[in-house]
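Have a look at the sequence and the model, then read on.

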Amino acid sequence: MKRRIIGFELDEEGDWRAVLDCGHRQHLRHRPPLVSRPWVLTEEGRVSRLGYELDCRRCDEEMDNGATENFGSGA
């Protein structure tokens, strides 16, 4: 499910996480050559991504779990 980035925070290991409008967080690491997100390293870069939409896997999982729980329950 698409959710907008509303902010950023550092985790306990110093990696950046996006704060999504659903309240979930998602890591956005810059670890070349596998993951290249140099924009996450600067305030300007992070600000430029506010409002950007990411797929929130936790929302997807919650939606799937809710659908599974309601399957066959008549709800």
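In what order do the elements of the chain run from the N terminus on?

1. Order of elements. From the N terminus, the chain reads β-β-β-α-β-α. That comes to 2 helices and 4 strands.

2. Ground rules. This is a predicted model, where local features need pLDDT of at least 70 and side-chain atom pairs count only at pLDDT 80 or more, while totals for chains, interfaces and linings use all residues. Residues are numbered from 1 along each chain as its sequence is written, and side-chain values use heavy atoms, with hydrogens and water left out.

3. Burial and surface. The chain has 75 residues, and 25% of them are buried (under 20% relative accessible area; exposed is over 50%, partly exposed in between; 1.4 Å probe, protein chains only). Its accessible surface is about 5,500 Å², with 49% belonging to carbon and sulfur atoms (Shrake-Rupley method, 1.4 Å probe; for residues, only the protein chains shown count as cover).

4. Contacts. Take the contacts (heavy atoms within 4.5 Å) between residues at least 6 apart in sequence: 42% of these join residues at least 24 apart.

5. Cysteines. With a disulfide being a pair of cysteine sulfur atoms within 2.5 Å, the count is 0. C22 is in no disulfide, and its nearest cysteine sulfur, on C59, sits 3.6 Å away. C59 is likewise in no disulfide, with the sulfur of C22 as its nearest, 3.6 Å away. C59 counts as buried because its relative accessibility is 6%, while C22, at 26%, counts as partly exposed.
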